[in-house]
Amino acid sequence: MIAEIGLAALWLAAALAVLQMVSGAAGLRMPEGAANPLAIYARPAAIVQAVLAVLAFMTLLWAFAITDLSIKLVATNSHSMKPMIYKLTGTWGNHEGSMLLWVGVLAASGGLLAAFERRLPERTMGATLAVQGFVALGFYAFLLLSSNPFERLPVPAMEGTGLNPLLQDIGLAIHPPTLYAGYVGLSVAFSLAMGALLTREVNPSFARVMRPWVLGAWVLLTLGITAGSFWAYYELGWGGWWFWDPVENASLMPWLAATALMHSVSVLAARDALRTWTIMLGVLAFSMSMLGTFLVRSGVLTSVHAFAVDPERGSFILGLLGLYIGGAFTIFALRAGAVAEGKRFALVSREGALVFNNVMLSAILAIVLLGTLYPLLTEAFDVRVSVGPPYFNPASAIFAVPMLLVMAVGPLLRWREDKPARIQFEAMLIAAVLIGAIALVSFFGQFPFLPLLGLGLAPALAVAALLPLRGRNLTRVPAATWGMVLAHFGVAVSLFGMACEGAFTEERLAAVAPGGTEQVGDFAVTLQSVTPVAGPNWTAIEARLAVSRDGGEPVILAPQARNFWSPPQATSESALLTRWDGQLYAVIGNQAEDGRWQIRVWWKPFVTFIWYGGLLIALGGVLAIAGRVRVDLKRRKAVARGGERRAELEALEAQPVPAE
Amino acid sequence: MNRAVFAMVMALLVMPLAGPALGQDSMPPAPYAYNQLEDPQLEAEASALMHTLRCLKCQSQSIADSDAPMAGDMRHQVRSRILAGESPDQIRAWLIARYGDYVSYEPEISATTWPLFVIPVLVILIVAGVLLRRLGKRRTDEGEGA
């Protein structure tokens with residue numbers, strides 16, 4: 001019964017999406033000022049639709065919570081013996097459930113926009129809601145016609161098949177919902193961009209409406225990617241934190257586009273420049289979200305051929321993708337010429353730096369897109385190639401390194417026009433730190449080129465990130481500026497972690513008898529014992545490793561090799577010892593014939609900084625949102641803010657340069 | 001030294017057997033599947049190579065990141081061949097001859113992979129073009145049609 005309520009809610013929501021679309025479009029046909037009787041339904045339709053879609057998701061959550069085995073999805077993906085938390089997270093650990101979550105978030109963000117956004121002209125709002133309804137309708141159709149999550153079994157199953165043990169982890173509770181919320185938050189940016197384009201309202205006040213959505217989506221994507229990377233790191237048991245796996249790339253691509261969009265929309269809001277650029281990035285960002293959904297959800301990644309044999313779902317999403325992306329770019333091509341020119345600016349200016357970096361981000365996006373899609377393309381012609389880190393790392397570094405250098409000096413430049421000589425001191429300082437760090441590191445040993453470059457860039461970027469605060473009264477720096485400083489500093493922190501992991505990781509793989517000791521880095525690792533343990537739906541062997549650093553007090557680590565019985569699968573549960581300067585990563589493997597145990601231990605200096613950096617970047621985004629919202633609430637005029645900033649910069653320049 | 005010689009003998013003995021053994025669960029893992037080489041220099045070479053070889057039984061994992069038995073056998077192959085004095089490039093070529101281009105994460109320029117190298121060059125050109133158009137047109141009075 002509960003499931004049928006969910007299904008009915010989903011159909012009703014789809015019907016309301018049609019109403020929202022028609023009503024929003026009707027408003028568009030009327031001249032400015034005149035009210036269309038149909039146009040008033042768009043907002044309520046969006047809000048009720050959001051409630052219904054969320055209700056549908058809640059009913060599925062309920063079905064998983066009580067393990068209703070008469071529902072096909074529950075029977076094939078859950079198990080009555082699973083811990084409750086994994087029963088709940090299992091709701092989105094499968095195709096249908098995760099698509100329902102996707103649609104639920106899509107509808108909820110549309111509802112939020114309809115309920116709370118009052119600054120936009122009604123026509124633009126109508127067009128935006130129409131586009132949002134159109135997008136939602138496609139995905140409702142996808143769910144209802146080809147992936148019904150509420151499908152019943154003719155005869156209820158006796159027991160469920162269970163959930164992939166790799167997914168039975170707290171990571172699944174956090175990672176997909178965050179990422180989906182980010183993906184789908186970009187749908188609002190997309191709809192707003194299309195709405196503004198259709199009504200020719202591409203201007204700073206539109207940008208200020210769009211900015212919190214872009215920032216919010218970007219923060220969630222950042223958190224989602226960070227969590228996903230850490231999850232892969234500790235769950236897969238080999239200490240890798242980024243694999244350039246197509247699924248990871250599917251989340252990275254919208255992030256790259258959203259990063260560019262976020263900067264572009266800020267320029268539009270502050271300076272009324274980059275109008276068409278912002279619209280294009282808005283379309284691109286959500287296109288990448290949909291492409292990511294297609295890649296992950298169509299089964300095309302497991303095998304292009306399996307996809308070709310059973311193409312129903314995949315071709316449905318591919319069709320939607322073609323319709324939305326193609327349609328959006330067609331409208332863009334037709335209307336972009338009609339968008340009035342924004343303010344112009346010089347090469348050496350903050351806008352110039354932002355444009356440069358947006359182009360670089362787009363280029364990295366192009367490389368990732370190429371490397372992700374090319375193997376799929378050749379596979380369709382029976383040629384199998386692999387594109388992995390040896391391709392992605394250098395190819396993206398070609399664009400990432402200039403981007404990072406420009407990121408270092410960009411925030412120091414003035415808007416509109418500036419002279420390179422004005423930031424001479426800062427530029428020299430950054431260059432000195434960069435070269436000094438590389439020289440220092442090279443003095444101590446031979447390291448691969450990219451990690452070495454990273455070790456030089458990281459401290460230079462860290463110094464550069466703090467330079468915009470120099471000479472300012474810290475109590476009067478706006479929250480949004482703090483956000484930028486923090487986010488850029490986070491990039492440096494993350495880069496430092498990546499470079500250290502690449503350059504200094506120490507690995508020890510060995511077969512050890514109980515009582516035996518292995519050395520990795522400064523750590524002596526002693527295998528004390530190996531004992532069997534059991535959990536709710538698994539059995540395992542657990543090693544007790546006594547780890548002591550430089551002969552200090554030993555700490556016990558307990559990595560496990562788990563065997564799940566439903567579905568039968570073995571996983572490694574790594575044990576981590578976190579210190580301020582890195583992490584010790586221990587895994588227990590199989591028993592060799594002579595009775596010794598395989599253990600794998602890594603010392604990864606500063607590896608945690610990768611994720612601390614990710615968190616800092618996200619925190620920067622949160623501060624920026626908080627600052628912007630506060631400013632918007634105070635209804636300060638952009639002009640006044642621009643004047644304030646100019647005055648501050650002039651004050652900054654008037655001060656003598658401290659000799660440091 | 002003794003161990004190294006022993007390992008080499010082992011490698012020579014195991015090598016002809018490794019073919020049929022690949023991917024079989026029931027066999028115990030080959031000696032170098034989960035053990036490092038004694039010489040840190042050689043181990044570093046082997047490790048760098050292993051990170052660029054695809055585990056054929058897994059989805060998007062290198063053989064250095066996988067518990068699959070086949071990945072273990074391939075790690076053993078890589079380590080024992082490195083120990084026997086082969087260069088990483090020779091080993092990669094041997095693996096490609098055996099399993100096809102698919103096994104290597106490092107695409108080489110060939111009839112099937114040239115777009116992977118041509119398109120980035122095009123991207124660089126497009127990027128340069130866009131930047132010149134956007135940032136280099138200070139004196140003209142064009143609109144902002146990027």
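I began with the contact between the two chains: 46 residues of chain A touch 40 residues of chain B, where contact means that the C-beta atoms, placed from the backbone, lie within 7 Å. The model is predicted; local features need pLDDT of at least 70, side-chain atom pairs count only at pLDDT 80 or more, and totals for chains, interfaces and linings use all residues. Residues are numbered from 1 along each chain as its sequence is written, while chains are lettered from A and ligands numbered from 1 in the order in which they are written.

I then looked up which elements of chain A face chain B. At least two residues each come from helix 10 (275-297), helix 13 (350-380), helix 14 (389-409), strand 1 (506-512) and strand 9 (582-591) of chain A. Helices (H or I, at least four residues) and strands (E, at least two) are DSSP runs, numbered from the N terminus. Helix 13 of chain A gives the largest share, ten residues. I sorted this side of chain A by class and noted 26 nonpolar, 13 polar and seven charged residues. Nonpolar covers Ala, Val, Leu, Ile, Met, Phe, Trp, Tyr, Cys and Pro, charged covers Asp, Glu, Lys and Arg, and the others, Gly among them, are polar.

Next I checked strand pairing in chain A, which requires at least two DSSP bridges. Strand 4 (residues 538-549) and strand 6 (residues 560-565) of chain A pair antiparallel over five bridges, with I541(A) opposite A561(A). Strand 6 of chain A also pairs antiparallel with strand 7 (residues 568-573) of chain A, over six bridges. Strand 6 and strand 7 of chain A form a hairpin with two residues between them, and W565(A) has P568(A) as its bridge partner.
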